[in-house]
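Subject: Structure handover

Hello,

Please find below the structure that you are taking over. My notes on what was found in it follow directly after.

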Amino acid sequence: MAATANQEAKGLTLIEAIRQGIYEEMTRDETVFVIGEDVGAYGGAFKLTEGFIDDFGAERMIDTPISEAAIVGAACGAALMGMKPVAEFQFIDFISCGFDMLTNYAAKSRYRGCGAIQAVFRGPCGSGVRGGPFHSLNAESFFLNTAGLKMVEPSTAYDAKGLIKAAIRDPDPVLFFEHKKLYRLPRLREELPTTDYIVEIGKARTAREGKDLSIITFGAQVLNALDASDILEKEDGLQVEVIDLRTLAPLDKEAILNTVKKTNRAMVLHESSLTGGIGGEISAIIAEEAFEWLDAPVIRVASIDAPVPFAPTMEDYFLPQVSEIVEAARRLARY
Amino acid sequence: MSAKTNLKKSTEPLSCTRETSLSKEQFLELYRFVKMTRMFDEITVRLKRQSKLTGGVFTSLGQEATAVGTAFALEAQDFIAPLIRDIGAVFVKGISPRTIFAQYLGKANAPSRATDVQFHFADLEKGFVGPISHLGDMIPVMTGILLASRMKKENRVAVAYVGDGTTSTGTFHEGVNFAAVQKLPLITIIENNGYAYSTPTRHQCAADNFVEKAVGYGILGLSVDGNDIVACYETMKRAVEHARSGKGSVLIEAHTYRRKGHAEHDNQSYVPNGEIEFWAQNNDPINRYERYLTTEKIASEDEMQKIVAQVSELLESELAIADEAGFPEGISAAYEVFDNRIVKPAFKKKILEK
């Protein structure tokens, strides 16, 4: 089977985990199908669905014109008919071209009594790969203020497979963000259960236990948070707790508040720009609902308020760096 | 081209095409639906003036034949996504007036739970897909309906009703093109009624006719007099046969005229003097059809009057039934954002609670 092509290295990478998740869902449920640009015959720009067309045929691996609004709209229409589309954006940057259909059609259909949209809208997101201003987007804050859309972003292979399967089975529209820097990162290679499993949407995960301060984050920044935590433990003796949100909408408020009540100090870390980012929402939740538990003001660490620049020097300046996370954590611990 | 030049200057009063296979029963059914459309609109205008309606009132005055005639050529398994001026097509698909009244009145038992306006609701069992306000968006959605239908080996045709203004949107292009490439049985009906809100068609498109777009998409294009209900039916029948037999999508341009403003509040100050009256006097689709039914000896005045009386009685009793229902509780707003078995309702934050 094509879905387990890379056998020599142990375990699956994040992209292989997503691929396997979609493959398994398409195998167990014939209403699941894939739609997007270059997804069928070519196997996707990142080769995530390579070979699927041989096993599932062109009717279930639908290559479209360059028409993101049509991709989203067609996915919605098919969902109304009881199908379970997995629609791909070649890069999440192009989700802007489907924004109207997502926010006006997909998000509101159930609420308007016009039918549930059980559909997944997925694609590679994220900066740090020298992709420039149009291949590096993190789009979650564009959609955070739209009720009716779920948002998910995994940072491990186990979660990637479990969450994509959960997203496909979820009765509501799910935006599934895949950080492209994590796709083939050897560090994330992981042996996954051979039996069917899902990871519940709406639940955060504790990526590292700690008692001194919390870093609340998701996606590729989970790895930066873990690296920073190692340094802080070694050099400062600080026990940092890292919360991997995994689901960005609806947020796991309980997990956010629990970690704050445990460590009394919180940093919110994300890769999209600071202003209007999801960190503002998380900080507000903490301020409103756990103010008495705080020993320090919540600190946000995020990218600067600029488009994502191309040159490595500038992109590194743009993005949160491990050294900056370490410094911010020290400030938080000292306060 | 101006809406006025659509009209052939003729001393003969306009009627409808004689080339048809419709039976007497079907002729009368068409009459019933087209009258129902106009009379429904008259009631909603009345309700608006009585301040019984809070939302906008959009009527199809002068263009009722297009929606009714085209929808009449569909089968039960076919799907439609109508525009605000296609209430006739909604009736033809078997949606009851009481349901639409409930939507207009914002009643709790309306299909949208009064979360949305007018006929922004759906009845998928009857092949009615709920439209949204963003013009053109329904074309990709209908494309998806047809992709699903193909995967499920169902034999469905889907119709997206759009206006002349819709053709300027990106979703119109993306949807029509995608359906064309996939050879899907999608029929897009452009109801060219002369105006998009206040914008005349010459500011919408530089081509002489919208149907010319079909050439660019590589699909069948058909043009029809949208105020000839029989021609609308026959043209649509041809389009449905083409689509259903696997030959691909169809674009129909129906030439008609919008005699009311965009909505009831619109005073139509942008319309040249005399244009509305000209159409009302010379090219009213219902007058034309009545003349046709009489001169072709299909129906007598008595028969037509009987139908009108029945429709009037039906609409008033349907309105009364719809009006009996209550309005939604405010808290209903919190439900069904997501499946509430999984995500709890979006209740208002209790600011005063500690």
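In chain A, 23 residues of domain 1 are in contact with 23 residues of domain 2, where contact means that the C-beta atoms of two residues, placed from the backbone, lie within 7 Å. The model is a predicted one: local features need pLDDT of at least 70 and side-chain atom pairs count only at pLDDT 80 or more, while totals for chains, interfaces and linings use all residues. Residues are numbered from 1 along each chain as its sequence is written, and chains are lettered from A and ligands numbered from 1 in the order in which they are written.

On the side of domain 1 of chain A that touches domain 2 of chain A, α5 (140-143), β5 (150-152) and α6 (157-169) of chain A each supply at least two residues. The largest share, three residues, comes from β5(A). By class, this side of domain 1 of chain A has eight nonpolar, nine polar and six charged residues. Here Ala, Val, Leu, Ile, Met, Phe, Trp, Tyr, Cys and Pro count as nonpolar, Asp, Glu, Lys and Arg as charged, and the others, Gly among them, as polar. Domain 1 covers 7-188 and domain 2 covers 205-334 of chain A; such bounds come from an automatic or database domain assignment. The centres of the two domains, taken over C-alpha atoms, are 26 Å apart.

Next, the sheet in chain A. Seven strands form an open sheet with mixed pairing, in the order β2-β1-β3-β4-β6-β5-β10. Its edge strands, β2 (61-63) and β10 (247-249) of chain A, each pair on one side only. Strands (E, at least two residues) and helices (H or I, at least four) are DSSP runs, numbered from the N terminus, and two strands pair if DSSP finds at least two bridges between them.

Strand β4 (residues 120-125) of chain A runs parallel to strand β6 (residues 174-179) of chain A, and six bridges join them. In this pairing A:Val120 stands opposite A:Val174. Strand β3 (residues 84-88) of chain A also pairs with β4(A) in the parallel sense, over three bridges, and A:Ala87 stands opposite A:Phe121. Six of the six residues of β4(A) are buried, so this strand is largely enclosed by the rest of the structure. A residue is buried if 20 or more other C-beta atoms lie within 10 Å of its own, exposed if 12 or fewer, and partly exposed in between.

As for the two chains, 38 residues of chain B are in contact with 34 residues of chain A. Which helix gives the largest share of the side of chain B that touches chain A? Eleven residues of that side come from α5(B). The side of chain B that touches chain A divides into 19 nonpolar, twelve polar and seven charged residues.

Helix α5 (residues 138-151) of chain B is largely enclosed by the rest of the structure, because twelve of its 14 residues are buried. Among them are B:Met138, B:Pro140 and B:Gly144. Just after α5(B), B:Lys153 takes a positive phi of about 60°.

Finally, B:Tyr31 is in helix α1 (residues 24-49) of chain B. B:Tyr31 counts as buried because it has 24 C-beta neighbours inside 10 Å. Not counting residues up to four places away in sequence, B:Tyr31 touches B:Tyr289, B:Leu293, B:Ala299, B:Met304 and B:Ile307. B:Tyr31 and B:Tyr289 are 258 residues apart along the chain, with their C-alpha atoms separated by 7.8 Å.

Regards
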